Amino acid sequence: MLRQRAGLPDKRLSDYDIVALANVVSLEDETIAQLESYARAGGAVVFAMGEFVDKEAYNDSLWRNGAGLFPVRLVDKRGGTKSEAELDRDAPAWVMNPGERDHPIAGLFGADDMITHLRLPSVYGFYAVDLPRDDEVGGGVRVPIRLIARSVDDSLDEVGLPLLIERSFGRGRCVVWLSTMDYAWNNCVTYDGFFVPFWRLLALDLAQRSRPRLNLPVGGRYER
């Protein structure tokens, strides 16, 4: 996990289908420009949150009022850490819920034999966000996975709050996991029935969509 203002390794991003950034404090302007060019050309960029994330830097440089690569404005961190929850039985906790059923991720865990794997892990901390409307700059955001309160005493919209967000950027995609990729804010990594198929399917789906299509529909665009 990078804990400082980060740049990219001296490599051609076009050699990779996916670039993932986990718990990165902030990014240099040059790095942001590289990532945006990479996504416009068809690449997939995945962000995961964490305690080192500089919310203001992400909003100012990556989101940029909907014009940037980052698909949403970060509002504030909700909940606590996994360690805090282990010491306090009354600590808030959330479970995951399918969002858009036609998305590959939500479709996988929305099946009857898979929904249990989605509900077993607990999320103790995550970033709340503002979702842009479809008619606003930066609209067209998808929310395949949402959060609902584990405790019936917690007041939460029945639709749930966003956890996994995706938006097109040029020919590519940007995906944001609003909790941590490790066990700091959740215990997802403990459950192989969720963690392994989730990240595997997400990576495969993004990689496949980042490549030019081999078969074209009638009237489709040929890309080389």
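Trainee: Which residues do ring pairs link into a cluster?
Mentor: This is a predicted model, so keep that in mind throughout. The cluster holds Phe109, Trp177, Phe194, Phe195, Phe198 and Trp199. The structure has twelve aromatic pairs.

Trainee: Why is the pair of Trp177 and Phe198 called tilted?
Mentor: Start with the centres. They are 5.1 Å apart, and rings pair if their centres lie within 6.5 Å. Now take the planes. They stand at 50 degrees. Stacked needs under 30 degrees and edge-to-face needs over 60.

Trainee: Are Trp177 and Phe198 buried or exposed?
Mentor: Both are buried. That label needs a relative accessible area under 20%.

Trainee: Which residues have the most contacts inside the largest nonpolar core?
Mentor: Phe47, Met49, Phe70 and Trp177. That core has 55 residues. Leaving out residues up to four places away in sequence, Phe47 touches Leu21, Leu27, Tyr58, Leu62, Leu69, Phe70, Cys174, Val175, Val176 and Trp177.

Trainee: Why does Lys77 count as lying over the face of Trp185?
Mentor: Lys77 is at 4.6 Å from the ring centre. The distance limit is 6 Å, and the charge must also be within 35 degrees of the ring normal. The value passes the distance limit, and Lys77 is listed as lying over the face.

Trainee: What makes strand S4 mostly covered?
Mentor: Count its residues. S4 spans 94-98, and five of its five residues are buried. Both faces are covered. Trp94, Met96 and Pro98 are on one side, and Val95 and Asn97 are on the other.

Trainee: How do you know that S4 pairs with strand S6?
Mentor: Count bridges. Five join S4 to S6, residues 142-149. Pairing needs at least two, so the strands pair. They run antiparallel. Val95 stands opposite Ile148 in S6.

Trainee: Why is Tyr191 called partly exposed?
Mentor: Its relative accessible area is 27%. Buried is under 20% and exposed is over 50%. The value falls in between, so Tyr191 is partly exposed. Tyr191 lies in the loop between S8 and H6.

Trainee: What does Tyr191 touch, not counting residues up to four places away in sequence?
Mentor: Leu120 and Pro121. The C-alpha atoms of Tyr191 and Leu118 are separated by 9.4 Å. Those two residues are 73 apart along the chain.

Trainee: What is the phi of Arg64 and of Asn65?
Mentor: Arg64 has a positive phi of about 50 degrees, although it is not a glycine. Asn65 has a positive phi of about 55 degrees and is not a glycine either. Most residues other than glycine have a negative phi. Arg64 is in the loop between helix H2 (55-63) and strand S3 (73-79). Asn65 is in the loop between H2 and S3.

Trainee: Why do Arg64 and Asn65 get their accessibility labels?
Mentor: Arg64 is at 31%, between the 20% and 50% limits, so Arg64 counts as partly exposed. Asn65 is at 62%, over the 50% limit, so Asn65 counts as exposed.

Terms used. Residues numbered from 1 in each chain as written. Predicted model: local features only at pLDDT ≥ 70, side-chain atom pairs only at ≥ 80, totals over all residues. Heavy atoms only, no water. Phe/Tyr/Trp six-rings, centres within 6.5 Å; stacked < 30°, edge-to-face > 60°. Buried < 20%, exposed > 50% of the residue type's maximum accessible area, 1.4 Å probe, protein only. Core = buried A, V, L, I, M, F, W, Y, C linked by side-chain atoms within 4.5 Å. Contact = heavy atoms within 4.5 Å. Helix = DSSP H or I, 4+ residues; strand = E, 2+ residues; numbered from the N terminus.
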